[in-house]
Amino acid sequence: KLKNDNLISDFYRNKLEKDAKKNWDLFYKRNQDKFFKDRHWTLEEFQELLQPRQNEDYGSKKLLEIGCGVGNFVFPLLEAQCNYFIYACDFSPVAIDILKKNSLYNESKIKAFVADVTDEEKFLTQFLNYDSLESIDLVTLIYVLSTITPEKMQNVINNLYKVNTVTSNNY
């Protein structure tokens with residue numbers, strides 16, 4: 001275990017953790033969709049997302065984007081006519097509101113919702129409100145784990161596993 005006593009005080013770390021949602025909301029209110037650039041590089045890195053598979057209808061594959069922000073990962077996929085139906089969630093209600101106002105947002109291709117991936121009960125409840133209990137084929141977390149305290153990272157992994165377990169078993 002590394003000793004990080006000088007990096008940040010417990011008081012300040014706890015305050016940042018407690019105020020995380022408020023701080024992300026303020027960030028998105030201030031920056032709207034102008035801060036992060038759309039992630040077109042993902043189209044080059046993950047070309048299989050754009051390849052139709054034989055005998056598959058549009059949306060038969062499901063992608064869950066955690067920490068979607070204002071849609072910088074998902075909208076380039078939609079523009080390129082990705083064959084996945086996309087569930088997009090973020091911790092910030094402000095980010096989700098901005099995402100839903102994008103002209104590419106269409107609930108026949110994408111459904112966005114607010115969820116805290118570190119909280120099992122809230123995350124699973126929110127996700128199951130939107131999912132038809134079909135299995136998730138792919139989960140993306142672009143830069144998400146870097147914003148989560150190490151103590152909660154295992155919760156994230158467990159919750160994503162549970163989403164796939166619940167949807168795969170059709171509970």
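Is Cys89 buried or exposed? At 1% relative accessibility, Cys89 counts as buried, where buried means under 20% relative accessible area, exposed over 50%, and partly exposed in between (1.4 Å probe, protein chains only). Cys82 is buried too, at 2%. Across the 171 residues of the protein, 37% fall into the buried class.

A word on the source: this is a predicted model, in which local features need pLDDT of at least 70 and side-chain atom pairs count only at pLDDT 80 or more, while totals for chains, interfaces and linings use all residues. Residues are numbered from 1 along each chain as its sequence is written, and side-chain values use heavy atoms, with hydrogens and water left out.

As for disulfides (pairs of cysteine sulfur atoms within 2.5 Å), the count is zero.

The protein has seven helices and four strands, taken as DSSP runs numbered from the N terminus (helices H or I, at least four residues; strands E, at least two). The strands form an open sheet in the order β3-β2-β1-β4, with parallel pairing; two strands pair if DSSP finds at least two bridges between them. β3 (110–114) and β4 (138–140) stand at the edges with a single partner strand each, so one side of each has no neighbour in the sheet. Strand β2 (residues 84–90) pairs with β3 over five bridges, and Ile86 stands opposite Ile110 in β3. Helix α5 (residues 93–100) packs on this sheet, touching β2 and β3, with contact meaning heavy atoms within 4.5 Å.

How values were computed:
Axes are lines fitted to C-alpha atoms, for helices over the stretch in contact, and angles run from 0 to 180 degrees between N-to-C directions.
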